[in-house]
Amino acid sequence: MMINGIQFIQVLLEANGLAAGKDHQFKGRYDAEKNAVIISLEKDEQSALSPQKCTT
């Protein structure tokens, strides 16, 4: 299975009511065992402080 990173992020943002192409910041953590960054898309986990662009 192949995932196009940009399309995946755009669909993920839009599915959660967030505009693609806008800056968003999410709380997350790095899981070394899975070699992955885990983020939460819960509304209370989002922060409007210091927005950063989501990139892939």
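Figure 1. In strand 2, Ile 39 is the bridge partner of Gly 28. This is a predicted model. Strand 1 covers residues 28–31. Strand 2 covers residues 36–39. The two strands run antiparallel, and 4 bridges join them. Another of the pairings links Arg 29 to Ile 38 in strand 2.

**Figure 2. The chain as a whole.** The chain holds 1 helix and 2 strands. Along the sequence, they follow the pattern α-β-β. Helix 1 takes up residues 5–15, and a loop lies between this helix and strand 1. The chain has 56 residues, and buried residues make up 9% of them. Its accessible surface comes to about 4,800 Å². Carbon and sulfur atoms account for 53% of that surface. Consider the contacts between residues at least 6 apart in sequence: 42% of them join residues at least 24 apart.

Figure 3. The hairpin of strand 1 and strand 2 has 4 residues between the strands. Asn 35 sits in this loop. Its phi is positive, near 50 degrees, although Asn 35 is not a glycine. Most residues other than glycine have a negative phi. Is the residue buried or exposed at Asn 35? Asn 35 is exposed, because its relative accessible area of 60% is over the 50% cut-off.

**Figure 4. Asp 31 at the end of strand 1.** Asp 31 belongs to strand 1, which spans residues 28–31. Its relative accessible area is 14%, under the 20% cut-off, so Asp 31 counts as buried. Which backbone atom does the side chain of Asp 31 reach? It is the backbone nitrogen of Lys 34, at 3.2 Å. Beyond its neighbours within four places in sequence, Asp 31 is in contact with Ala 36 and Ile 38.

**Figure 5. The salt bridge between Arg 29 and Asp 31.** Arg 29 forms a salt bridge with Asp 31. The closest N and O atoms of the pair are 3.8 Å apart. How many salt bridges does the count come to? The count comes to 1 salt bridge.

Figure 6. Val 37 comes from strand 2. In a regular strand, side chains alternate between the two faces of the sheet. Val 37 has a relative accessible area of 60%, which is over 50%, so Val 37 is exposed. Not counting residues up to four places away in sequence, Val 37 touches Arg 29 and Tyr 30.

Figure 7. His 24 lies in the loop between helix 1 and strand 1. Its relative accessibility is 15%; this is under 20%, so His 24 counts as buried. Where does the side chain of His 24 reach? The side chain of His 24 reaches the backbone oxygen of Ala 19, at 2.9 Å. His 24 and Leu 13 are 11 residues apart in sequence. In space, the C-alpha atoms of His 24 and Leu 13 are 9.4 Å apart.

Terms used: Residues are numbered from 1 along each chain as its sequence is written. This is a predicted model: local features need pLDDT of at least 70, side-chain atom pairs count only at pLDDT 80 or more; totals for chains, interfaces and linings use all residues. Side-chain values use heavy atoms; hydrogens and water are left out. Buried means under 20% relative accessible area, exposed over 50%, partly exposed in between (1.4 Å probe, protein chains only). A polar contact is a pair of N or O atoms within 3.5 Å; within protein, one must be able to donate a hydrogen and the other to accept it, and residues adjacent in sequence count only if both atoms are side-chain atoms. Contact means heavy atoms within 4.5 Å. A salt bridge is a side-chain nitrogen of Lys or Arg within 4 Å of a carboxyl oxygen of Asp or Glu. Two strands pair if DSSP finds at least two bridges between them. Accessible areas come from the Shrake-Rupley method with a 1.4 Å probe; for residues, only the protein chains shown count as cover.
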